[in-house]
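The sequence and structure are shown first.

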Amino acid sequence: MNRKFSIVFFLFALPLFAQTDAQWVLDKSTLTYHMSHPMHEVNGVSHEAKGKGICHAGQCSFLIAVPVKSFDSGDSNRDLHMIEATRGAQFPIVSLRAQFSEAAITGPTIYADLEVQFAGQTAHYSHVPLQRVTEGNQVQISGTVPATCSDFKIDRPSFLTVPIKNEIPVRVETTWRPM
Amino acid sequence: MGACRTTGLKRLALCCFLISTTRLCVAQEVQNATVMSSVAATIVPTQSSNSADLPSAPEPADEIAQTGRADQTPATAQKQQGQTNQQQQKPETTPSLGDLGFTPQQTQADAQMQARLNERTHMLKVHQTLGLITTIPMVATLITGPQAKAKGRNGEPITEPTAANLDFHIALGGLTSGMYWTTAYYAIFAPKIPDVKPKGAIRLHRDLEWVHGPGMIITPLLGIMAYKQENAGEKVHGFASYHGPAAYVTAAAYGTSIVAVSWPIHWKFWEK
């Protein structure tokens with residue numbers, strides 16, 4: 001009797017154990033771009049990102065998206081200029097997709113392949129290190145996207161005829177919770 | 001024996017029911033996700049040119065038109081692209097923008113706004129360049145001011161300025177005034193962006209226009225009064241005597257306005 005029971009139990013329960021999909025939702029986030037000019041160092045911050053992550057068949061795909069106009073550099077004039085320079089009204093959303101192996105999610109550093117869509121262009125960054133910290137059932141993932149103006153065909157804004165640096169690294173700090 | 005078999009069957013039935021319930025819940029979740037994705041696909045267009053298996057950010061209306069879909073409205077084209085992607089891939093394996101819950105207003109491309117921003121930036125760049133150039137005749141006018149002024153105390157012989165000095169000062173003042181108002185034109189008539197509250201250094205820059213703007217009206221008027229008094233052989237008196245102070249206050253406000261919009265300044269040209 002017990003043997004029959006066990007067989008039936010396994011027949012029904014096995015597909016459940018095979019169902020390994022895990023879904024994550026972005027709980028909190030801080031995205032900060034840094035812009036450098038000989039006369040100015042500027043950080044633009046947004047907390048309005050939304051995100052979702054799905055791990056399926058050993059592969060994780062995380063998507064974060066944020067409205068371009070949600071970045072605040074502390075100067076409304078500069079922010080409007082940023083939106084203009086990055087074609088933010090035409091392409092209002094910046095999206096970042098990170099892909100990595102599900103096995104990597106347990107380590108303190110995740111090396112992810114990133115795909116960033118911004119200003120109507122798509123740029124790929126391979127093997128970008130992301131730091132991972134677990135707190136309770138939440139996971140904090142942070143890292144820096146080594147973005148440049150030229151990656152997205154952005155004409156570098158200038159001040160007093162001196163253009164900003166080509167590098168505009170974006171610091172991404174995210175907290176995820178399981179769905 | 002019979003009772004034992006009945007109990008075993010009951011346990012088995014209970015076990016099956018519990019497992020089936022769990023499976024039904026999972027199925028419902030998947031169904032929900034599919035429904036949500038299909039709803040989202042109508043909101044967010046996803047067509048990646050670089051990545052065949054991943055959905056992409058919204059494309060602008062003009063780019064969609066370039067792909068040969070000019071006969072469709074952007075929204076229709078985007079919707080169809082989203083639906084095509086929906087069919088091509090399993091929505092539950094990779095998240096799409098539609099899953100994130102952005103409103104259509106947040107994801108909708110606005111070519112008109114982009115054109116407005118471009119126009120605004122163009123006009124403000126001209127404003128910036130002209131504003132900086134205007135400082136040259138402004139400073140020169142301030143420097144030549146004392147040479148265009150009659151000297152001497154009341155009751156003593158008055159030394160009139162030379163005609164050349166006076167004319168040069170008037171010409172510089174006129175040039176400064178013309179350039180100033182041209183500079184102001186590009187700021188005043190630059191397209192306004194709705195729902196943007198001035199914040200940061202731009203606020204002081206804009207507030208100071210209430211000082212140097214009136215200053216650039218009053219100073220030339222007082223200058224004309226002073227000129228007429230000097231031409232009449234009088235020492236400058238009354239309101240006209242404030243021509244100099246008005247000019248200095250105006251220039252100081254103007255200079256502060258330039259510094260304010262550039263603040264905070266980090267000088268590090270020596271760093272690469």
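**Strand E6 of chain A and its neighbours**

Strand E6 (residues 109-118) of chain A is mostly covered, with 7 of its 10 residues buried. The model is predicted. E6(A) runs antiparallel to strand E5 (residues 93-101) of chain A and antiparallel to strand E7 (residues 121-135) of chain A.

*Pairing with E5(A)*
- E5(A) and E6(A) are joined by 5 bridges.
- A:Gln99 has A:Asp113 of E6(A) as its bridge partner.

*Pairing with E7(A)*
- Between E6(A) and E7(A) there are 9 bridges.
- A:Leu114 stands opposite A:Tyr125, which belongs to E7(A).
- E6(A) and E7(A) form a hairpin with 2 residues between the strands, in which A:Ala119 takes a positive phi near 55 degrees.

*Geometry*
- Two packed helices are described by the angle between their axes and the distance between the axes.
- For helix H6 (residues 163-188) of chain B and helix H8 (residues 209-231) of chain B, the axes come within 11 Å and cross at roughly 160 degrees.
- Angles over 145 degrees count as roughly antiparallel, and H6(B) and H8(B) are therefore roughly antiparallel to each other.
- The crossing of H6(B) and H8(B) is left-handed.

*Contact residues*
- H6(B) contributes B:Gly173, B:Ser177 and B:Tyr180 to the contact, while H8(B) contributes B:Met216, B:Pro220 and B:Gly223.
- The residues of this contact between H6(B) and H8(B) comprise 3 nonpolar, 3 polar and no charged.

Key. Residues numbered from 1 in each chain as written. Chains lettered and ligands numbered in written order. Predicted model: local features only at pLDDT ≥ 70, side-chain atom pairs only at ≥ 80, totals over all residues. Axes fitted to C-alpha atoms, helices over the stretch in contact; angles between N-to-C directions. Helix = DSSP H or I, 4+ residues; strand = E, 2+ residues; numbered from the N terminus. Parallel < 35°, antiparallel > 145°, perpendicular 65-115°, else oblique. Left-handed = near helix turned anticlockwise from the far one by under 90°. Contact = placed C-beta atoms within 7 Å. Nonpolar A, V, L, I, M, F, W, Y, C, P; charged D, E, K, R; others polar. Buried ≥ 20, exposed ≤ 12 C-beta atoms within 10 Å, placed from the backbone. Pairing = 2+ DSSP bridges.
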